[in-house]
Amino acid sequence: MFYGERTRLLAARRESLVLRAQDQRVALAQRARAFAPLAWVERGSQAWAYARSHPWVVVLPLIALTALGPRRVARALTRVLVVWRVVRSLRRLLDGGRRHA
């Protein structure tokens with residue numbers, strides 16, 4: 001086998017592997033799209049597991065709701081959300097529009 005022939009065979013093999021990998025990526029994307037609703041189920045089960053291992057996550061809001069009353073808690077949550085949105089908007093504005101994780 002000559003050097004030029006070997007290079008040509010390797011190039012052909014590489015091209016076939018690249019095409020096969022592209023087909024596999026497309027097939028995987030189609031399968032992943034079909035399982036997208038299950039991602040919400042997975043996130044819910046992770047949240048449930050976290051709440052079970054950290055009971056204060058459930059108890060603290062209930063205590064706050066009982067002690068302060070629903071209106072105060074709702075007002076406080078509204079203020080926190082407004083501040084969070086403002087900070088997020090300012091961060092995006094200062095970073096030139098890049099998104100944060």
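Student: Why does Thr7 count as partly exposed?

Tutor: Its relative accessibility is 41%. Buried means under 20% relative accessible area, exposed means over 50%, and partly exposed is in between (1.4 Å probe, protein chains only). Because 41% falls between those limits, Thr7 is partly exposed. A word on the source: this is a predicted model, where local features need pLDDT of at least 70, side-chain atom pairs count only at pLDDT 80 or more, and totals for chains, interfaces and linings use all residues. Residues are numbered from 1 along each chain as its sequence is written, and side-chain values use heavy atoms, with hydrogens and water left out.

Student: What makes Arg33 count as it does, buried or exposed?

Tutor: Arg33 reaches 61% relative accessibility, which is over the 50% limit, so Arg33 counts as exposed.

Student: Where do Thr7 and Arg33 lie?

Tutor: Thr7 lies in helix H1, residues 3-34, and Arg33 is also placed in helix H1. Helices are DSSP runs (H or I, at least four residues; strands are E, at least two), numbered from the N terminus.

Student: And why is Pro55 called partly exposed?

Tutor: Pro55 has a relative accessible area of 48%, so it stays in the range between 20% and 50%. You will find Pro55 in the loop between helix H2 (36-53) and helix H3 (56-68).

Student: Which residues of H3 and H4 meet?

Tutor: Ala64, Leu65 and Leu68 in H3 meet Pro70, Arg72 and Val73 in H4; contact means heavy atoms within 4.5 Å. These residues divide into five nonpolar, no polar and one charged. Nonpolar covers Ala, Val, Leu, Ile, Met, Phe, Trp, Tyr, Cys and Pro, charged covers Asp, Glu, Lys and Arg, and the others, Gly among them, are polar.

Student: How do you know that Arg43 sits over the ring of Trp40?

Tutor: The charged end of Arg43 is 5.0 Å from the ring centre. The rule asks for NZ of Lys or CZ of Arg within 6 Å of the ring centre and within 35 degrees of the ring normal. With 5.0 Å inside the 6 Å limit, Arg43 is listed as sitting over Trp40.
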